[in-house]
Amino acid sequence: MDTSELEPSKLGTKDHWDNVYEEELENFSENGDEGEIWFGKKSMNEMVKWVNQYAPPRPDMSVLEVGSGNGALLFALAEGRGEACYPARRLLGIDYSEGAVQLAQSVAQSRNLTAVTFRVCDFLQEDPPLLPDNQKADDNGAWDLILDKGTYDAIALMEKDENGRIPVEGYPMRIAKLLNLGGHFLITSCNFTEAELQSKFITEETGLQYHSRIVHPTISFGGSTGSACSSVAFTKAASRK
C-alpha cells in the first residue's frame with residue numbers, strides 16, 4: 001500500500017494520543033498498570049532478540065526509539081541479562097505526546113531505571129536531544145540504533161499539511177539523517193508489508209540498505225496468508241558510492 005492511499009485517521013492525531021496517555025497515566029497512578037504494549041509483548045520480544053543478535057550492546061552505543069510511548073521496548077533492553085543488557089544511560093525515547101513521556105518517566109522510576117531518558121519531541125520537525133553522556137553527532141548521524149514500533153504507521157495516518165504534502169513522506173530521510181554510518185534501523189509495522197517498507201526506505205536519497213527481517217507467525221483468512229505485522233531492518237552503509 002502506498003502512503004498516499006491511506007485515509008487520515010484519529011490515530012494520526014496528537015489529540016488522540018494525548019487522550020490515550022492521559023488515561024494510561026491515570027491508570028498507572030491508581031493501580032500500577034503500565035499501559036498497552038503496542039503490537040503485543042511477543043512482537044516486542046522479537047525486536048529485542050533481533051537487537052541482541054545484530055546490534056549487541058557497547059558502552060558507548062546510542063539507541064533511539066521514535067514514538068516510545070510507555071517505554072516498554074527500551075525497558076526490555078535495559079533489563080536484559082548479562083551481555084544482553086544495554087546501558088540505560090545510552091537509551092533515549094522520544095514522543096510528541098507529553099503524556100506518553102510522563103508515563104514512561106513514571107514507569108522508569110517504579111522500575112529503578114531513571115537513567116533511561118525520555119523527552120518530548122516532534123520527530124518530523126525537531127532533532128532529538130543528544131544523550132547527556134557525551135554523545136557524538138556530526139553530519140553522518142548521531143545514533144547507532146533507531147527503533148520504531150508503530151510510529152511510522154501512526155504518522156502515515158496524519159492529514160496532509162498546509163502545502164498538501166503527506167507528512168510521512170519525510171520520515172525515511174529523517175531516519176537516514178540521524179543514523180550513524182554502519183548503524184541500524186529496525187521498524188515494526190502493521191500497515192505495511194516488508195516489500196512496501198523496503199520501497200519507502202531503500203532509496204538513492206536515503207542511502208539505506210536492507211539488512212534483515214523478523215519472521216512473524218502467519219495467519220490465514222479468506223484464502224490469503226500473511227503476518228499480522230512486518231519487521232524489517234535497514235543499515236546505513238559505512239561508505240556510499
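**View 1. Surroundings of valine 116 in a predicted model.** Apart from neighbours within four places in sequence, Val116 is in contact (heavy atoms within 4.5 Å) with Leu74, Phe75, Ala78, Ala88 and Leu91. The model is predicted: local features need pLDDT of at least 70, side-chain atom pairs count only at pLDDT 80 or more, and totals for chains, interfaces and linings use all residues. Residues are numbered from 1 along each chain as its sequence is written, and side-chain values use heavy atoms, with hydrogens and water left out.

**View 2. Two nonpolar cores.** A nonpolar core is a set of buried Ala, Val, Leu, Ile, Met, Phe, Trp, Tyr and Cys residues joined through side-chain atoms within 4.5 Å. Buried means under 20% relative accessible area, exposed over 50%, and partly exposed in between (1.4 Å probe, protein chains only). The largest core has 36 residues, and those with the most contacts inside it are Val51, Leu77 and Val116. Two or more residues each come from helix H1 (14-31), helix H2 (40-54), helix H3 (72-78), helix H4 (98-110) and strand S4 (143-149). Helices (H or I, at least four residues) and strands (E, at least two) are DSSP runs, numbered from the N terminus. A second, separate core has 32 residues, including Leu131, Ile146, Leu157 and Leu197.

**View 3. Strand S1 and its two partners.** From strand S1 (residues 63-66), Val63 and Glu65 point one way, Leu64 and Val66 the other way, and all are buried. Two strands pair if DSSP finds at least two bridges between them. S1 runs parallel to strand S2 (residues 91-95), joined by four bridges; the bridge partner of Val63 in S2 is Leu91. S1 also pairs with S4 in the parallel sense, over four bridges, and here Leu64 stands opposite Ile146.

View 4. Cys85 counts as partly exposed because its relative accessibility is 34%. Cys121, at 3%, counts as buried.
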